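We will go stop by stop.

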Amino acid sequence: MAKPRLFLVAPEAPADRLIACLEVACAAGDVASLLVGAAAPPELVALAQARGVAVLANGAPLAGADGVQVDAGEVADARRKMGKDAIVGAMAGASRHLALEAAEAGADYVALSQTGPTLGGEPIVGWWSDLVEIPCVAFDPTEPADLDILLPQNPDFIRPSDAMWESAEEAHRIITAIMERISRS
C-alpha cells in the first residue's frame, strides 16, 4: 500500500501566516492538496501550485484553482461545470450512501469523517479503502497520536491538525510528527 499524503485545509487567516505555514508544511511533509475558501489569498494559491500542491476551492470554483470540493450530492453538477480535467472532490461525512453516490457521479476523491458513526464497529475510512478504488481523505483534523488508529485503515490522504496554521513552528512540529509516524507504518 502507498503511504498517505497530506491534505491541508487552510483557515481564514492573515496571508503571511498562511504562506509561512504552507512553506514549512511543504518542506517537512508530502503535501498533495490544499483546500481553500473563496477569500484565499492569491499568493497562497500560487505558492501551493509552485510547490506541486493541487489547490481545491471549497464549495464553489475559484479562479486559478485546480478543482473544487463540494457536498456529495453536488458532484455531477460540479463535474459538468468544471469539466473532465478539473479535480472534483466530494464531502460525504460519515455516510456510506453519499460516498458511493459521489463516486458514481464522478468524484475524484471522497472526504470522509473518520470520527463519525460506524456500522458494526467498522470505521468508514477502512471500509472505503477496502471496497472502493477512488481515493479517500480522512477529513477530520488528525493529531499525530491519532495515527495509530487511522493508518491501519489505509486512507489515501490525511488532514493534519488545524493547529498547524497557528505558526510556522506549529506547522513544522505537527507535519514532522505526522510524517515520522507515516514513515514507520
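Which exposed residues does the face of α2 turned away from its buried side carry? They are Pro-42 and Ala-50. Exposed means over 50% relative accessible area, buried means under 20%, and partly exposed lies in between (1.4 Å probe, protein chains only). Helices (H or I, at least four residues) and strands (E, at least two) are DSSP runs, numbered from the N terminus.

Before going on, note that this is a predicted model, where local features need pLDDT of at least 70, side-chain atom pairs count only at pLDDT 80 or more, and totals for chains, interfaces and linings use all residues. Residues are numbered from 1 along each chain as its sequence is written, and side-chain values use heavy atoms, leaving out hydrogens and water.

**Stop 1: helix α2**

Select residues 42–50, which make up α2. Now pick out its buried residues: Leu-44, Val-45, Leu-47 and Ala-48. They cover an arc of only 165° around the axis, which puts them on the same side of α2. The arc is that of the directions from the helix axis to the C-beta atoms.

What covers these buried residues? The cover includes α1 (15–28), β2 (31–36) and β3 (54–58). Contact here means heavy atoms within 4.5 Å. Next, select Gly-52, which follows α2 and has a positive phi, near 80°.

**Stop 2**

Show the side chains of Glu-23 and Arg-51. They meet in a salt bridge, 3.9 Å from N to O. A salt bridge is a side-chain nitrogen of Lys or Arg within 4 Å of a carboxyl oxygen of Asp or Glu. Glu-23 lies in helix α1 and Arg-51 in the loop between α2 and β3, so the pair ties together parts that are 28 residues apart in sequence. Glu-23 is partly exposed, at 36% relative accessible area. Arg-51 is also partly exposed, at 45%. The structure holds nine salt bridges.

**Stop 3: helix α3**

Select residues 75–82 for α3. Are Val-75, Ala-78 and Arg-79 buried or exposed? These three are the buried residues of α3. Seen down the axis, they fall within an arc of 100°, so they line one face of the helix. They pack against β4 (67–71), β5 (87–93) and α4 (96–104).

Turn to the other side of α3. Arg-80 and Lys-81 are exposed there. The relative accessible area of Lys-81 is 63%, while Asp-77 is partly exposed at 34%. The side chains of Lys-81 and Asp-77 meet in a salt bridge, 3.1 Å from N to O. The two are four residues apart in α3, or about one helical turn. An α-helix has 3.6 residues a turn, so residues three or four places apart point the same way. Just after α3, Gly-83 takes a positive phi of about 90°.

**Stop 4: helix α7**

Select residues 168–184 for α7. Arg-173 and Glu-170 both lie here, three residues apart. Their side chains meet in a salt bridge, 2.9 Å from N to O. Arg-173 is partly exposed, at 44% relative accessibility.

**Stop 5: the cores**

The largest nonpolar core has 53 residues. A nonpolar core is a set of buried Ala, Val, Leu, Ile, Met, Phe, Trp, Tyr and Cys residues joined through side-chain atoms within 4.5 Å. Select Leu-8, Leu-22, Leu-34, Leu-112, Trp-128 and Trp-165, which have the most contacts inside this core. A second, separate core of ten residues includes Phe-7, Leu-35, Phe-139 and Phe-157.

**Stop 6: aromatic rings**

The structure holds three aromatic pairs. Rings of Phe, Tyr and Trp (its six-membered ring) pair if their centres lie within 6.5 Å; planes under 30 degrees apart count as stacked, over 60 as edge-to-face and the rest as tilted. Select Phe-7 and Phe-139, an edge-to-face pair with 6.1 Å centre to centre and 65° between the planes. Phe-7 is in strand β1 (residues 5–9) and Phe-139 in strand β7 (residues 136–142), 132 residues apart. Both are buried.
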